[in-house]
Amino acid sequence: INTISKSGRKSNAQFRLENSKQTNTPTRREKENRAEGTDKQTKAEEQRKSFGTGMDPLAVLIEIGDGKRLEHFLRVMEIDLKTAEGGERARLALLLSKYTCLEVLLRHGVSPDSADELGESLCHLAARKGDIIALTIIIGFGPDMLKTDILQEIPVFAAIISYIQSRARTT
């Protein structure tokens, strides 16, 4: 309803309503919707990068233990595995006992000395796990066997502790 006062002026409410329609200032709800749309776009990009699985493609290939496809993927995509992420992928392969994938990752640049936030290297992890096969693969790539973790333990000491603990459990 157009209400104009006796003085020929529009009411304050009508003036504000008309001016809000004319300006391009977004409302709070419009701002929230835009932010939500940006979040959706970011999530969509992440899914495209991860082939729609919601997971990192390297992690997927490691989990299924497909060393040939992992090798091909690394060659084609030219991924730099000399980063902390490369070490995380190698730890995943080690924990899942995916030896072919572990070897492929090490061949493509993962350092055998890569360590987690506790300073535990791949050798430490394999030794604690008592995984002779993984330890043999890692040693083949020349790790520093005297590298210590946060507890100042070297991998050999970790292997001895793991062995003693496993013997104690069986007796």
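Tutor: Let us begin with H4 and H6, which are roughly parallel to each other because an angle under 35 degrees counts as such, and in this predicted model their axes cross at roughly 20 degrees and come within 9 Å. Helix H4 covers residues 67-77 and helix H6 covers residues 99-107.

Student: Which hand does the crossing of H4 and H6 have, and which residues make the contact?

Tutor: The crossing in which H4 passes H6 is right-handed. On the H4 side the contact is made by Gly67, Leu70, Glu71 and Leu74, while H6 brings Thr100, Cys101, Val104, Leu105 and Arg107. Sorted by class, the residues of this contact are five nonpolar, two polar and two charged.

Student: Ok, and how does H5 pack with H6?

Tutor: Helix H5, residues 84-95, packs with H6 at an angle of about 160 degrees, and the two axes are 8 Å apart. Since an angle over 145 degrees counts as roughly antiparallel, that is the description for H5 relative to H6. The hand of this crossing, in which H5 passes H6, is left-handed.

Student: Which residues are involved there, and how do they divide by class?

Tutor: From H5 the contact takes Arg89, Ala90, Ala93 and Leu94, and from H6 it takes Cys101, Leu102 and Leu105. The classes in the contact of H5 with H6 are six nonpolar residues, no polar ones and one charged. Cys101 and Leu105 of H6 are also named in the contact with H4.

Student: Switching topic: what is the secondary structure of the whole protein?

Tutor: There are nine helices and zero strands, so that, with the elements numbered from the N terminus, the order reads α-α-α-α-α-α-α-α-α.

Student: And how much of the protein is buried?

Tutor: The protein has 171 residues, of which 29% count as buried. As for contacts with a separation of 6 or more, 58% of them are accounted for by residues 24 or more positions apart.

Student: Is H7 mostly covered or mostly open?

Tutor: Helix H7, residues 122-129, is mostly covered, with six of its eight residues buried. The buried ones are Leu122, Cys123, His124, Leu125, Ala126 and Ala127. Their cover includes H5 and H6, together with helix H8 (132-139) and helix H9 (155-170).

Student: What follows H7?

Tutor: Gly130 follows H7, and its phi is positive, near 75 degrees.

Note on methods. Residues numbered from 1 in each chain as written. Predicted model: local features only at pLDDT ≥ 70, side-chain atom pairs only at ≥ 80, totals over all residues. Heavy atoms only, no water. Helix = DSSP H or I, 4+ residues; strand = E, 2+ residues; numbered from the N terminus. Buried < 20%, exposed > 50% of the residue type's maximum accessible area, 1.4 Å probe, protein only. Contact = heavy atoms within 4.5 Å. Axes fitted to C-alpha atoms, helices over the stretch in contact; angles between N-to-C directions. Parallel < 35°, antiparallel > 145°, perpendicular 65-115°, else oblique. Left-handed = near helix turned anticlockwise from the far one by under 90°. Nonpolar A, V, L, I, M, F, W, Y, C, P; charged D, E, K, R; others polar.
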